[in-house]
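Subject: Structure handover

Hello,

My notes on it come after.

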Amino acid sequence: MVAQKNLCVLILAAGKGTRMKSSLPKPLHPVCGSPIISYILKAAQALQPAAIGVVVGHESNQVIDAVNAHMSAWGITAPIVFIQQKELTGSGSAVKAAIPLLQKFEKVLVLNGDTPLLRAATLRQMTDCFLSGQNGALVCGVSVPNPHGYGRIVRNEHGGFEAIVEEADADDAVKQITEINSGMYLFDSKALQAALSQLIPQGPKNEYYLTDTLTFISQMNHPVLVYTVSDYTEALGVNSKAQLAEAGQILRARTAARLMDEGVTLVNPYDVYIDEQVQIGADTVIYPGTYILGKTVIGRNCLLEGGVYIKDSVLADNVTVKMGTYIEEATVEETCQLGPYAHLRPQSVLKKGAKVGNFSEIKKSTIGEGSKVNHLSYIGDTQMGAGVNIGAGTITCNYDGVNKHPTVIEDHVFVGSNVNFVAPVTVRQYAKIGAGSTITKEVAANSLGIARARQVVLENKGAKKND
Ligand code: UD1
Ligand code: CA
């Protein structure tokens, strides 16, 4: 699609979100790891509009700061103009507040700020439909199984648009209508401005309804179209925590369907928590109860057992992650094996074929190719070479209470069980460390480092009472 230089997008995000019962503004509530408003901005960006206006009001600074901080991560390159709505008196007055922006453009796409499941493709099709003639307005309508709470689209005797009637103002006959207003519209800017000036407060809360402008535009003899989408989930407006959970569930289902389409095996696609932007290679098998979040990328033919948590990490091909493993901001090369119950903390790198096993924690360390940290260890601030074996219960003592210090363990070192490395310390290649040692000084290549009290055996001092 070519950039639309006469089109701006206006996102309405000033509302109080009262039904969320939350101190967090509604547009910032996360759905699958990203705030609601990010989905709307991303879909808007796909149209390449000349500008995106965001109407803010309730907790406006928080919303503005969050959008400014993350917009480049969300891929938003269109300039964003924030518009303050001073009195929160409805979606119509939100658009009125944006008139100075609207005046600069011929066409306007208006989106509610609470529909995270909308698709960019739908916005494109709506826009193409609207721009195909001299139209005054277009509303995206959809038939939903349960229309309660939405504005209903009332059609005239010819099947054309007549009005949108809000739930609060609907009589029983209108309440039967299942075709609802999705909260996505296109307008001819001049017709919209003329209609906005005719708005009067409506309904039990005396609000200015944006939806009334479509009736006025039609009365001014400009065609008003209803563009129908078939997937009703696109229209789901998040007004409550229950709808927030529902939106998350639908988005996860979409992500799961995409991944299965790409050849990923999800043993139970209804019990995995995979964020939208996650990439996973074909033939990777994922068991239930697994979280794969943020910017994670996983290769082909991996195995992720149940209860695994992976965030903002990269796993190459043929990696096995056993149950209960927690991985955050880490890089895992091919054929590594993790868990059960391993913990990789930020800036951990596992080179090809490395193993980190039962109850071992790795922090800001590199574990070299084929090296093993299999049992009950803590490895922090460590550069470990290839072919190293770390015995059970080995600890790097990297923190002296004030500063963190590095440990270097070169290639092919063999470390016995229950060793403490008091950092800063270096163990040269092919060295061996005796079990139970507390190593405080460099150990030279090919030598045995042993630092523990000698065993004493005192006769007749055993457990059996001697008298
Ligand atoms: C609105 C529509 C309804 C539609 C539904 C779709 C109106 C009058 N009704 O109802 O027909 O079926 O969306 O989800 O528009 N907002 C402001 N300033 C305000 C009030 C609201 O910016 O003063 C914003 C909100 O932040 C929200 C959007 O406008 O993003 C819609 O407001 P909301 O209160 O959620 O309207 P609904 O009752 O859901
Ligand atoms: Ca809503």
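The notes go from the domains to the ligands, then to salt bridges and backbone details.

This is a predicted model, in which local features need pLDDT of at least 70 and side-chain atom pairs count only at pLDDT 80 or more, while totals for chains, interfaces and linings use all residues. Residues are numbered from 1 along each chain as its sequence is written, chains are lettered from A and ligands numbered from 1 in the order in which they are written, and side-chain values use heavy atoms, with hydrogens and water left out.

Domains

The protein divides into domain 1 (4–235) and domain 2 (263–449); such bounds come from an automatic or database domain assignment. Taken over C-alpha atoms, the centres of domain 1 and domain 2 are 48 Å apart.

Calcium ion

Ligand 2 is a calcium ion, and its protein donors are D114 (OD) and N239 (OD1), at 2.2 to 2.4 Å. Donors here are N, O and S atoms within 2.8 Å of the metal (3.2 Å for Na, K and Ca); water is not among the atoms, so sites may look incomplete. Helices (H or I, at least four residues) and strands (E, at least two) are DSSP runs, numbered from the N terminus. D114 is buried at a relative accessible area of 10%, and N239 is buried at 14%. Buried means under 20% relative accessible area, exposed over 50%, and partly exposed in between (1.4 Å probe, protein chains only).

Ligand 1

There are 24 residues around ligand 1, of which L12, Q85, S91, E166 and N181 come nearest; a residue counts if one of its heavy atoms lies within 4 Å.

- a polar side-chain atom of S91, 2.7 Å from an oxygen atom of ligand 1;
- a polar backbone atom of N181, 2.7 Å from an oxygen atom of ligand 1;
- an N or O atom in the side chain of N239, 3.3 Å from an oxygen atom of ligand 1.

On its own, ligand 1 has 750 Å² of accessible area, and the protein covers 89% of that. Accessible areas come from the Shrake-Rupley method with a 1.4 Å probe; for residues, only the protein chains shown count as cover.

Salt bridges

The structure holds 14 salt bridges, each being a side-chain nitrogen of Lys or Arg within 4 Å of a carboxyl oxygen of Asp or Glu. One of them joins R152 and E167 at 2.7 Å, N to O. This pair links distant parts of the chain, with R152 in strand β8 (residues 152–155) and E167 in the loop between β9 (161–165) and α6 (172–175), 15 residues apart. Both R152 and E167 are buried.

R258 and E262 meet at 3.4 Å, N to O, in another salt bridge. R258 is partly exposed at 24% relative accessibility, as is E262 at 36%.

E333 and K351 also form a salt bridge, with their closest N and O atoms 3.6 Å apart. E333 lies in the loop between β23 (331–332) and β24 (337–338) and K351 in the loop between β26 (349–350) and β27 (355–356), so the pair ties together parts 18 residues apart in sequence. E333 is partly exposed at 27%, and K351 at 33%. Separately, salt bridges that share partners join R119, D231, E234 and R254 into one network.

Backbone details

Most residues other than glycine have a negative phi, and most peptide bonds are trans. The peptide bond from G339 to P340 is cis, with omega near 0°, and so is the one from A423 to P424. N301 has a positive phi near 60° and is partly exposed at 44%. H412 likewise has a positive phi, about 60°, and lies in the loop between β35 (407–409) and β36 (414–415).

Regards

Definitions and conventions
A polar contact is a pair of N or O atoms within 3.5 Å; within protein, one must be able to donate a hydrogen and the other to accept it, and residues adjacent in sequence count only if both atoms are side-chain atoms.
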